[in-house]
Structure formats: structure tokens, C-alpha cells
Amino acid sequence: MRRDVFFVRYGAAMMVVLLFVLGLAACGGSSEPQERPAPPPPPVTVLTVQARDVEVVREYPARVHGSRQVQIRSRVEGILRERLYEEGRVVKKDELLFRIDPERYEIALRRAEADLADARANLNHAQREWDRYSRLFAEAAVSELERDKALTVLETAQARFAQAQVAVTDARRNLGYTEVRAPVAGVTGLENLSEGNLIEWGGLLATITQHDPVHVRFAMPETDAAMRGDGRSRRAELLLPEGLKYPHPGEIDFTASVIDARTGTVTARAVFPNPDQTLIPGQFVRIRVALQNLEGVFAVPEAAVGQGRETPHLFVLDDEDAAGIRPVRLGPVSDGRQIVLEGLNNGDRVVINGQVALRDGAPVNVVETVHDDAVGDTPEGDQVTNGQISGENPEPEER
């Protein structure tokens with residue numbers, strides 16, 4: 001009985017061991033790795049590029065200034081009798097603005113004219129004496145000394161007559177200064193002294209600011225100033241605070257030759273006509289400047305450019321839709337697109353979306369093809385800056 005029990009227990013134990021071994025074999029499986037299916041090619045969007053001429057345009061904040069600001073000052077002393085203009089309105093050149101009491105200067109002019117008449121009489125007398133002594137000397141009727149005295153009197157009378165003429169001119173000029181006229185056309189400011197006040201020589205009476213044309217001053221980064229180079233474009237455009245394009249083009253007439261060490265910028269100035277007085281000195285605007293003209297270059301989205309260890313690159317597809325790394329030489333960024341100077345050819349297909357996970361030689365799945373003339377293209381003669389076409393006048397944004 002005990003022997004039977006022993007064989008039963010022994011057989012059960014062997015069965016457990018056998019089952020355990022079979023389980024381990026099943027869990028281990030085959031030692032050779034199983035092949036997994038290859039992942040599908042990543043989907044990408046490509047841009048078919050074409051060479052084009054690109055004008056690099058930048059916008060800068062700017063401020064309007066009057067082209068000329070003239071201080072009207074008195075050139076004679078006296079009582080301010082009358083102001084003949086309305087403060088803040090436009091005056092023409094040579095328009096009468098102030099009148100100073102002219103009485104003392106009228107008297108001075110009459111005195112100078114009287115002195116001139118006296119000098120003229122003395123000169124005429126000296127001339128007659130000289131003529132007489134000259135004839136007598138020729139006839140040996142008078143001595144040489146008497147003739148020389150007559151000549152001296154004539155020359156003295158001529159000098160005094162010239163002095164009298166100058167005095168009349170000066171008196172007439174001072175009398176003219178009692179009427180203060182506008183030296184330039186422009187907008188008048190507030191008067192500094194009202195009627196009835198005593199005006200000293202050089203006293204400030206008012207200020208005139210010339211609004212047509214106006215100066216627009218701005219600062220550009222040193223890299224942009226260097227981009228303009230020697231063949232600097234002078235063309236400029238203005239954008240008003242409402243987002244509207246100013247209808248009159250201007251030109252840059254001054255660019256500083258040094259860089260401001262504090263800001264790293266270069267000061268520049270443009271001149272714009274202002275016939276309708278649309279621009280007001282002190283007004284903040286944006287100026288659009290053409291920095292450079294590039295011929296036969298390519299433009300791609302900035303996000304499509306990758307940076308290698310040495311040079312930037314793009315992914316360009318071959319005929320079998322395999323992406324290859326293409327080193328390129330970059331230019332400036334214009335209108336949100338990166339200019340490529342070297343490294344591309346007409347008709348190249350550049351990956352512009354989905355290139356993050358690509359590697360050199362990897363096959364791709366082209367899901368969309370965009371042609372260069374359909375991406376960010378604008379009508380001829382227009383430029384795009386910050387997403388708006390310069391030839392349009394968009395409505396102001398609602399606030």
C-alpha cells in the first residue's frame with residue numbers, strides 16, 4: 001500500500017516538472033528575432049522654387065518733423081504796435097506778421113536824407129572848384145599847391161557823400177525792419193509778446209514751422225544700414241497710424257556715417273511732400289525703406305531652413321521622392337521668407353513642412369506640392385510687410 005502511494009506521488013511530481021519545462025520552452029520562443037514591417041514614408045509638403053528678383057524691404061518706427069523751424073525775431077527796437085496774423089494758421093512767405101512803431105526810424109531816415117543832400121551840395125561845390133583850379137593850373141595862373149588843395153577838398157567831399165549814402169541806406173533798412181515778415185511759408189506758433197510791449201533788438205516774436213515738405217527721422221539697425229551698401233536706394237514710403245498708406249512717396253536724403261554706440265543703430269532722414277498738411281510734426285508713423293535689390297535668388301519659408309554643424313541646409317527631393325540634405329548660402333529675410341542666394345536650382349522641390357523628422361536619403365510621401373508663384377506672391381510693384389500688401393489700404397482694426 002505504501003509502495004503504491006509512493007509511485008503515485010512520484011509520477012505526479014514528474015508530471016509537474018515536465019509541465020514546468022514545457023512552459024519555459026513556450027515562453028522563450030525562438031531565439032531568432034521576428035522581422036517588423038517598415039514604417040510608411042513621412043508625409044511632407046514641398047515647394048517648387050523658381051529664381052526671381054527680390055526687393056528687400058524693412059519697416060521702422062519714425063517721427064515727423066518740420067523741415068524748417070524758424071524763429072521770428074525783431075531786428076530793431078521799439079513798441080510792438082500790431083500783430084497781423086492768427087496764431088496757428090498757415091502763412092505765406094513774405095507775409096506781414098508784425099508792425100513795430102516806425103516813428104523814430106522815419107525821423108532817422110529823414111535826417112540821413114538831409115545829410116545826404118548836404119553832402120551832395122558840398123561835393124558839387126568841390127567839383128566846380130577843382131575844375132576851375134585845374135584850368136588855372138594849366139594856364140600857370142595858380143600854383144601846384146593850390147591845385148592839390150582843391151583836389152583834396154574834392155576827394156573829401158566824395159567820401160562824405162558816400163558816407164551819407166550809406167547812412168540813408170541803413171536808415172531805410174531799419175525802417176523796413178519795423179514790418180516783420182515771414183521768411184518762409186509755414187504754420188505759425190503762439191506769439192511771445194503782445195501788442196504794446198517794448199521789443200528789444202533780437203527779441204523773439206513767434207516761431208514758424210514749415211510743414212511742406214516734412215522730415216521723417218528714424219533709426220535702422222547697423223545690419224540693415226550695411227545691407228544698403230554703396231548703391232543706396234533713396235525710395236521710401238510711409239504708413240500712417242491708421243494703417244493707411246501715405247499717397248506721396250519720399251526719398252532718403254541723409255544717413256549717418258557712424259553707428260550710435262548706445263543703441264547700435266544708424267540715424268537716417270527722409271523727405272516727404274505734405275501739400276495737404278496730412279502729416280503733423282511730432283506725429284509717430286512707420287516708414288518703409290527699400291534696402292537692397294537681389295537678382296535671381298530663391299525665397300523659401302523660414303521654418304524650412306535647418307542648421308547643420310557648419311552651414312544651413314534644406315531638404316530637397318530627388319526624382320524618386322527621397323529627401324536629400326542640400327547646403328545653401330542664405331541672404332536676408334524679406335517679407336517673412338528666407339532668401340537663398342546659392343544652393344538651389346529652378347524647379348527644385350524643397351520640403352517646407354514635415355522636415356523635422358527627416359534624415360538624409362529618407363523616402364517621403366508628398367501630400368501637397370506648392371509652386372513658388374503661389375506662396376506669398378504679390379502683384380507687381382507691391383511689397384508685403386507684416387502680412388499686408390503695400391498697394392492696399394486695409395480698414396483699421398476694430399478695438
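In this talk, a residue is called buried when its relative accessible area is under 20%, exposed when that area is over 50%, and partly exposed in between, using a 1.4 Å probe and protein chains only. The structure is a predicted model, in which local features need pLDDT of at least 70 and side-chain atom pairs count only at pLDDT 80 or more, while totals for chains, interfaces and linings use all residues. Residues are numbered from 1 along each chain as its sequence is written, and side-chain values use heavy atoms, with hydrogens and water left out.

Let me begin with the whole chain. Of its 399 residues, 33% are buried.

I turn now to the aromatic rings. Rings of Phe, Tyr and Trp (its six-membered ring) pair if their centres lie within 6.5 Å; planes under 30 degrees apart count as stacked, over 60 as edge-to-face and the rest as tilted. The count by this rule is 3 aromatic pairs. In one of them, the ring centres of tyrosine 85 and phenylalanine 98 are 5.4 Å apart with planes at 80 degrees, so this pair is edge-to-face. Are these two residues, tyrosine 85 and phenylalanine 98, buried or exposed? Both tyrosine 85 and phenylalanine 98 are buried.

The rings of tyrosine 246 and phenylalanine 272 have centres 6.3 Å apart and planes at 75 degrees, so they too are edge-to-face. Tyrosine 246 is buried, at 3% relative accessible area, and phenylalanine 272 is buried at 0%.

Finally, charges over rings: NZ of Lys or CZ of Arg must be within 6 Å of the ring centre and within 35 degrees of the ring normal. Arginine 83 places its charged end over the ring of tyrosine 85, 5.4 Å from the centre. Arginine 147 lies over the face of phenylalanine 137, 4.5 Å from the ring centre.
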